[in-house]
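Trainee: I have a new model open. Please show me how to read it.

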Amino acid sequence: MKTFGTDITADDIVDSLAFFDSWEDRYRYIIDLGKELPPMAEALQTEANQVKGCQSLVWLSEHLENDRLFFEADSNSHIVRGLLAVVLAAYNGKSPSEIQSFDIEHYFQELNLIKHLSPSRGNGLRSMVSRIRETAGRVASMA
């Protein structure tokens, strides 16, 4: 099973998306990435794990292993699952300091992603990122 952030990196996604000429093909690729996310256990799909600010239902859970954060994520929307995969490729399996220092805005610019999302999807994407960065900050402060 592929782990986003370890087997599939942010650079891999940037390179793959650059291959496609149309945004219709890019959306299809992002949706296919979402299909590669492992299913999240229903027990983790709780209100505490729900990401607020997303138009769709989105859940995000984390665990710390060897000073690295690993995230599980799910959504009831295919495109949002794909966006989760894009975000996890940047953050999964990284240390809290790597998460804090990763330039997500530059990554989104490289993908040319934000301007092709509706405002509500863009806000949801930023909510996912905020939740991950807050988690990293909380874990770093406990170290």
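Trainee: What radius of gyration would a compact globule with 143 residues have, and what does the protein chain have?

Mentor: The radius of gyration is taken over C-alpha atoms, and the globule rule is 2.2 Å times the number of residues to the power 0.38. For 143 residues that rule gives a value near 15 Å; the protein chain has 14 Å, which agrees with a compact globule. Keep the source in mind: this is a predicted model, where local features need pLDDT of at least 70, side-chain atom pairs count only at pLDDT 80 or more, and totals for chains, interfaces and linings use all residues. Residues are numbered from 1 along each chain as its sequence is written, and side-chain values use heavy atoms, with hydrogens and water left out.

Trainee: How many helices and strands does the protein chain have?

Mentor: Helices (H or I, at least four residues) and strands (E, at least two) are DSSP runs, numbered from the N terminus. Here there are six helices and two strands. Along the sequence the pattern reads α-α-β-β-α-α-α-α.

Trainee: What share of the residues of the protein chain counts as buried?

Mentor: Buried means under 20% relative accessible area, exposed over 50%, partly exposed in between (1.4 Å probe, protein chains only). Of the 143 residues, 45% count as buried.

Trainee: Which residues are buried in helix H5?

Mentor: First, the general idea. An α-helix has 3.6 residues a turn, so residues three or four places apart point the same way. In H5 (residues 104-111), the buried ones are Ile 104, Tyr 107, Phe 108 and Leu 111. They are on the same side of H5, because they cover an arc of only 95° around the axis. That arc is of the directions from the helix axis to the C-beta atoms. Their cover includes helices H1 (10-19), H2 (23-35), H3 (78-91) and H6 (119-142). After H5 comes Asn 112, with a positive phi near 55°.

Trainee: Is Leu 88 buried or exposed?

Mentor: Leu 88 sits in helix H3. Its relative accessible area is 3%, so Leu 88 is buried. Contact means heavy atoms within 4.5 Å. Beyond its neighbours within four places in sequence, Leu 88 touches residues including Phe 4, Leu 37 and Ile 132. Ile 8 is 80 residues away along the chain, yet the two C-alpha atoms are separated by 9.0 Å.

Trainee: Where is Ser 61 found?

Mentor: Ser 61 lies in strand E1 (residues 58-65). At 10% relative accessibility, Ser 61 counts as buried. Leaving aside neighbours within four places in sequence, its contacts include Met 40, Asn 49 and Phe 70.
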